Structures are given as C-alpha cells and as structure tokens.
Amino acid sequence: MSGSVLQTWSLRRTLLAVLLGLTLALWVGSAAIVYVEARRESQELFDQSLIETGHLLLSLVEKDVREHGLTGPIDLPLRGHPNPHHYLLFKVRDAQQRVLYRNDAASDITLSRSAPDGLSWTTIAGQRWRLYSLWDQPRSLQLLVAEPTSHRDDISRGFFYRIALFGLLLVALATVAIWWSIHRVFRVLQVSADEVSARTPNELADVNLHGAPGELHPLLLEINRLFGRVRQSRDNEQRFTADAAHELRTPLAAIKTNLQVLQRARSADEREEFIAGLGASVERATRLVNQLLALAQLDPQAPAGTALAPGDLAPLLARQEEAWQALAAPYGLALAVHAAPAPCALDADSLQILLRNLVENALRYTPAPGCVAVSCGVEQGRSYLRVADTGPGIAAEMHERVFERFVRLGGGQLPGSGLGLSIVRRIAERHGAQIVLGAGLQGRGLAVTVIFP
C-alpha cells in the first residue's frame, strides 16, 4: 500500500464496549424504572398516612367540641421537635372559617381557605407542601393538614444514592466479569494463532480443534481445508516436477547423443540420418514442453480461464477436418468425421486442445491399415464428442490409470509424453463433462466419449 495505513479494529475492545454499554443501559433503564415506581409507591404511602392523620385529628377535634363546645383558637405545641416548621401543620376551622385548633407551627402560616376537598398541592414560604382538606359530616368543621415535601425528597434522595452506589458496584463487577470472559475466549484464539504462526512453510498439518469453542470450529475447519488444498497442490507440484524432469531427461539425452554422433559422422548420408534423429528428439522435447505448459494452465489450482459460452460442437469438428486428414496421411490411416448438431456450453480454444490430443493419440496408437472416426451429436438428450479407432484398445483395469500424468501404455516403445489424456480430463472437468472409455470401431480398438451436461 502506498501512503496509506491499514485501518484495523479490535474485536476484543468492541465486544467489551458493546457488552458494557448494554449492561450499563440495562442497569440505567432498570434503575430508572425502580426509582420511579418506588417514588410513586412512597408518595402513595405518604398520602395515605396524611389522610389517616387527618381523619384521626378531625375525630379528636369533634370529640373535644362535643365535650367542651366551641372555644377560641387553641395552639397545640410540638414539644421536643427541633424545627416545627418542617413538621405537620394543621388547622381546624368552623363553618364561619374561625380557627379553633392549630399547632404552634401553623400559627403564623396561612393555609388556603379555598383548598379543594381531598389531596392537593400548595406553596408555603416558597416550599411545596402536600395539603389535605377534610370536612366533618354536617360540614361544621374543616380540617386542613399539610406536610412538607422535604420528607419525601429526603427519602427519594437516599433511595437514589443507594441505587447509584449499588449500580456502580454492579458495573465494576460486570466489567471485571466481562473482561475475564472475553480474555478467556480470545486466549483460545491466540493459542490457535500462535500454533499457525509458529509453523514453517513445510508444516501443513491440520490445526488442533481441541479446546476451541464451537463458534470457532468453522474457521479452523476452513483453515484445515485450505492447508489440505495447499498440501495437495504442493504434492502435485513436487510429483509433476519430478515426473517432468524424468520425462525430459530422455529427449535431452537423445539430443545429446545425436549431436555427439553427428560430430563423428563419416559421410553425408550418416550426417543426414543423425540430423533427422536430432530433429525427432527436438520435436519430442518440444511436444513434451508444450504439453507440460498446457497441463499447468489447466491445473485445478490455477485461476479459472475463459467462461463457457453457448455453442455447437459440429462447426468445431468441421473446421479441423482438413488438418486431421493431413495428419492421418503419414500414418497410412483413414480418418472420417461425422458432425451432427451438438449444442452445449463450451470454450472453443480448450476443446480444440482436447480434440487434438484425442486424435493424435488415436493416430499414434492405431496400426496401419486402420481407421479413426471423429463424431459428435446428441444421445439421450446430451451432447457428446467421440473419437474411436481400430487400435489395440485399453484394458479395463487401466481405464482409470491412463488419465494420470506420464502414464504410457506399451512402455516407451511408442512416441508420446503420457500427458494427452491428463489434459483431456482437465478440459472435460472444466466443462462439467464426463469421459467414458469403450470399445472402438469394428468391435476392437478404443472409443473415447466426452458427454457434456
């Protein structure tokens, strides 16, 4: 990367932040709900206590009035209370709004005469008070009792502080627990990462899944599958390199021998004979190198080539018939082409390579006089391509082995590289086609049929 910095993010920090954020949000939401509900309940309890106090005071006043009659205002002291103005205030009036009873804290405070019956709110000396107004049955006596909200606020504040302190303790414990859990999970990841990083390029054994969490298994399994493909690719390359070196040794040795003999040629005829042998060796080496290059391009590990396109096999055969006839003439063989419409998805370039290999194999292994037939068409709803000959054929037990690299029938008696059918199989696999080996022409020989999907 030029002039740019790779932007990374930490899964550990992200998980910690998300989990702590969710924990904090849940706690704040729960604490708010608990606080609101507790405050509402406490308000109801205070109101109920205020109502009960009002009824009790009014009943006592009614009894006193019945026994002693109506008199002037009577002040009831609140002995021992440090601040009577922060305690209950009450007044009792008659129907003419004359004050009959009051506590001494309410002597210099005016309680609303027009207060509605029941509970209401009022303001006294800039402070909010809860007011309860109550009349007796004949509506001759009215009781007004007030309570400052400071008591309620003190209880609510105390409850809030306790919730906040408990919440902070809970968040601290949750932070430790979440961090420990995440650290433990990521320690397993780190163990697997250390195991992979400590390996050399030649150590491609599977990563150990023991002790890894189930959620990590898909990733580790994919890594193991990747290691398996790399192992297979490495083994294929090593085997391919060894086989290629072995196969190239023969034509190169023949070239070297022909050159040495050519240098010692005693006549023009000998020189011409050795030059022809040298040319054949060079031709064999060239063919082998070309086959190796084609096979490397078709290797399963190589990037996919051209996409398949709708087409027909018949024009492909018709275009190459003349070249095949010229190729068959030196072998003394008859070559026939039967091209019927055979639509399929294909890549014309790679199919030409497939056809060339099949035809050249048939020509090389068919003794003269003989014949080779190339055909295409549709059987049972599937397009096919077939190359049949009157050669020696292939034994059934060898049908699978002939597709391996550098496997040649008849040892080294016949020219060839042993790569032709390997190339044919790779091209067929890229087309999703199936290769079937069967009997050739006239009840003998070999027929190679490529059946397309």
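Colleague: What makes arginine 128 count as lying over the face of tryptophan 121?

Modeller: Arginine 128 is 3.9 Å from the ring centre of tryptophan 121. A charge sits over a ring if NZ of Lys or CZ of Arg is within 6 Å of the ring centre and within 35 degrees of the ring normal, so arginine 128 over tryptophan 121 qualifies. Mind you, this is a predicted model, where local features need pLDDT of at least 70, side-chain atom pairs count only at pLDDT 80 or more, and totals for chains, interfaces and linings use all residues. Numbering runs from 1 along each chain as its sequence is written, and side-chain values use heavy atoms, leaving out hydrogens and water.

Colleague: Why is the pair of tyrosine 35 and phenylalanine 160 called edge-to-face?

Modeller: Rings of Phe, Tyr and Trp (its six-membered ring) pair if their centres lie within 6.5 Å; planes under 30 degrees apart are stacked, over 60 edge-to-face, the rest tilted. Tyrosine 35 and phenylalanine 160 have 5.9 Å centre to centre and 75 degrees between the planes, so edge-to-face it is. Ring pairs also link Tyr35, Phe160 and Tyr161 into a cluster.

Colleague: Why is tyrosine 35 called partly exposed?

Modeller: Buried means under 20% relative accessible area, exposed over 50%, partly exposed in between (1.4 Å probe, protein chains only). Tyrosine 35 has 22% relative accessibility, so it counts as partly exposed.

Colleague: And what makes phenylalanine 160 partly exposed?

Modeller: Its relative accessible area is 44%, so phenylalanine 160 lands in that in-between class.

Colleague: How do you know that leucine 15 is partly exposed?

Modeller: Leucine 15 has a relative accessible area of 33%, so the in-between class applies again.
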